[in-house]
Amino acid sequence: MAKTYDYLFKLLLIGDSGVGKTSILFRFSEDAFNISFISTIGIDFKIRTIDLDGKKVKLQIWDTAGQERFRTITTAYYRGSMGIMLVYDVTNEKSFENIKNWIRNIEENASADVEKMILGNKCDLDAKRQVSKERGEQLAIEYQIKFVETSAKDSLNVEYAFYTLARDIKAKMEKKQEASNPPGARSGAHQLRANEQQRKPTSWLSRCSVL
Amino acid sequence: MTNATIQEIEGIDDYWGPAFRSVYEGEGGHEAFVQQLDERIKQHDKEIEKLCNFYYQGFIDSIRELLQVRSHAEELHAEISNVDSNVKETTESLCSRAEELIRARRVELNIAATIEKMELCLPLLTTYSKLKTQVDAKRYYPALKTLEQLEHVLLPRVGPYNWCAQISADIPRLRQAIRDASMADLRDFLENIRKLSPQVGTMALKQTQDMLGRSLANIVKNKKDSMLGISGKDNSGAQCPHELVDFSPLHRCLHIHSVLGAKNDFIQYYRAQRKQQARLVLIPETGNLHDSIQGMKSYLSAVLGFFILEEHLLTTGAGLVSKDWLLDTWSMSVTKVASTLRTSTSLITDPTLMLSIKHQIMLFINTIKCYGLPTDPLPLLLQEMAEHYTEVLMQRWVGVFRDILDNASFLPIEVENQEEYDGVMDTFPYDGDELETQPFPRKFPFSAMVPAVYVQVKEFIYAWLKYSAGLGLGGGRRAAAARHSASLLLSRSFTGCLSALFRRPLPLMQLVQIIVDTQYLEDATSFLYEFISNITGSELVTTQAAGSMFQSARDDAEQQICNNLEKKVDEFLDLENYDWLLVEPTGQASAFVTDMLSYLSGVLTSLEQLPERARVAAVRAATNRIATRLRNLLLEPGVRQVSSGALHQLDLDVIQCEQFAAGEPVPGLREGELLEHFAALRQLLDLITGWDWSSYLHDVGIEGGKYALVTPRDAATLLEKLKEAEQKSSVFSVLKKNERDRRKLLDTVLKQLKQLQNQDG
């Protein structure tokens, strides 16, 4: 049976309640925006397949509730994630300050090599801005994480953010594969697997990380 | 002797015979007698002589005297002639005067006669001139009376004069003229009342309204107003509506015609005209009555005015309008009115307009009643309109509900302070005892949609009751109808809006909230009923079970939840990445399965607000979907080969699912119920992995067998895949003995299965 994708990346969106995680996901998965705020209860996910360097990459993006009371449910999803979007609201100082706490959360719960990215959302609301782009940049550099300001409403940088994160994950994965693989058999784990009787640890690895 | 005979002759005048005889026969013969006779003559002569001598003197004296008389006579004659001439002279003038007098007398007599005649003619002439002036002054009825007098009394009395004949000839002409003129008057009158009848109707309606609105307070107020002179209303106008119209031309005309002996014709004519007018009145002037209340008002006024006037004519008698005719015309008209109103109102979409129209029709009905006319089928019309009104209201509220739902967040209401809390509690009946004790922010279990809809339903009831007010329905019936409409509004309009909402996919949480919300709304219907009975003043009726009011919406929502979960399951299963030629199973369940199961248990816990039924349905749908998808995966024709390693991996995953299913993820499930979804798959896996072909083939077709759910086709399909995979793996290696046996067995089983398949057809 033909596989519908080459890679499956599990991504996670975290950040304070109301910073726009669901909106970002909604923009990315449906290319739409809803002004009314509906807080996420527990956890939800959306799947979108993107094309990266000729590879079909399925992104299963988990959207977590920012509210404290769902913390126990949401942290369970950290471990399986291969990429985490840390979202704050540029019009909300507190949400920005809390990014540090979220990073600590990641350190405590996620696997060590998880790819991260900081998003300063709602950058369209310039008049209400409390956190400058420079401060965001500063923080990102401090933690050696990529940073971009986004607007789910204006569809600004949302695609870019996800593609960037996905690309970074893919690069990291391919690097790992190459490290543990004979140089002749780079990438194409599925084709290899389809042709060879022997189970390759490469394909195992890619699936392992899915777990 | 001779002497005696002479004596005898002298003594006897005649009968001288015997004397002559004696003479003739006597002695001396006849000489003696002649002698004696001579002697006798001589004697007489002597005597005459003596006598003449004696009287001669006297004679001479007499002649002398006579001669004297003659002169005297002559004298007298002259005198008399004289006198005569004198007289003649004097009488001549007299005679002429007398003649004059005679002539004068004759003239006088003539004059008297003429005067007499003229006196006879004079009344005729004055009457005639009176007639003329009357005609000129259009006082036709007196004119006609005069005419009659002229014709029957005066003319015969006067006689056959030429001018009389002329007048006589003129009479029919005049009569016709009068008739024509009165007809013209009638036409004017008809035209006039056509113009006036709307005013008449308006006035009557107004009076009815005043009468209906009559209460002690109003009367006192009016009295005060009039005393203070506030009401500047001129009371000079008519007191009764029909007084607006001057009926005199009509009555005159009627009188004229009855005088003319054409009363019946006239009545026929009048009725025909009025019937025609009625037809005109019945066609609304504006055409579109539903455009404005004004058109409706004037239409009803016109119709009403028409019949008020007719009714007035009926009561004032004269036979112009009979009860039968009036009722007949009325029943024709009222049917037409009803149908006109029906068509007009059926197009109205504005409830306010409908209310005012209903008010107008009510007034109309009441006024009609006052005038003793039957109101059918107008009450029926009002009922039909009530239904239409309900429809219109519902349509309007569909819009309201749609707005509410479109803008609804379907999140539980969270209040920050007492004020907000009270705001919610004021609008919606909720037993907040438990919530009362919690610190702010407090959270209601329902979303803002619930109080909003509740308030709107109340608004709807208010609006709905506005129509039924004054319809003369009892409180109980009104309340029942209001309850019916309100529950119809909720169960049909609102549920319809909800269903429309479900046409687009909604997030799970919103669906859950909608179900919860409908529960609260449903619970609140008893409060709505209480509200209805309060404002209608009727007894509270709680018999009607509102339980299933939103059932269809809830079913929709539950279906959506199921669909939602199934979709999520599908998304997970789309991530499936089985290596169908896997040699060794990993010993762990596949990632997507564990993810899926943890996701599902997470979701199912967050569905705890849902009624048990819905949660059970959701988890059933999800598990069923998982089982079906996994089974399909295995039997998928696109997957050609399946290694036993892969089979074990799948078995591992199914075990995970079965554990989830057995773990009773939501309460209210039958023991082992969810596991049944996996039963078919489990039996298939057990059969293949356990290599238990002998018992399968033995039990096949037997009810309740260990592998009863495995069809020979499925078994064969999977076995083929297994065989393919084994052939592939052993293509380069030499088969060991037991492998050969296994291959043999496999072929036998396959053959058997094929046979079974063929048997089944």
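Which residues in α5(B) meet which residues in α7(B)? The views below take this up in a predicted model, where local features need pLDDT of at least 70, side-chain atom pairs count only at pLDDT 80 or more, and totals for chains, interfaces and linings use all residues. Residues are numbered from 1 along each chain as its sequence is written, chains are lettered from A in the order in which they are written, and side-chain values use heavy atoms, leaving out hydrogens and water.

**View 1. The contact of α5(B) with α7(B).** From α5(B) come Ile178(B), Arg179(B), Ser182(B), Met183(B), Asp185(B), Leu186(B) and Phe189(B), and they meet Pro249(B), Leu250(B), Arg252(B), Cys253(B), Ile256(B) and His257(B) in α7(B); contact means heavy atoms within 4.5 Å. These residues divide into eight nonpolar, two polar and three charged.

**View 2. How α5(B) and α7(B) cross.** The axes of α5 (residues 162-212) and α7 (residues 248-259) of chain B come within 9 Å and cross at roughly 150 degrees. The two helices are therefore roughly antiparallel to each other (angles over 145 degrees, on a scale from 0 to 180 degrees between N-to-C directions). Their crossing is left-handed, with the near helix turned anticlockwise from the far one by less than a right angle.

**View 3. Chain A and its elements.** Here you will find eight helices and six strands, as DSSP runs (helices H or I, at least four residues; strands E, at least two). From the N terminus, they run β-α-β-β-α-β-α-α-β-α-β-α-α-α.

**View 4. Buried residues of chain A.** Of its 211 residues, 51% count as buried (under 20% relative accessible area, 1.4 Å probe, protein chains only).

Conventions:
Angles under 35 degrees count as roughly parallel, over 145 as roughly antiparallel, 65 to 115 as roughly perpendicular and the rest as oblique. Ala, Val, Leu, Ile, Met, Phe, Trp, Tyr, Cys and Pro count as nonpolar, Asp, Glu, Lys and Arg as charged, and the others, Gly among them, as polar. Buried means under 20% relative accessible area, exposed over 50%, partly exposed in between (1.4 Å probe, protein chains only).
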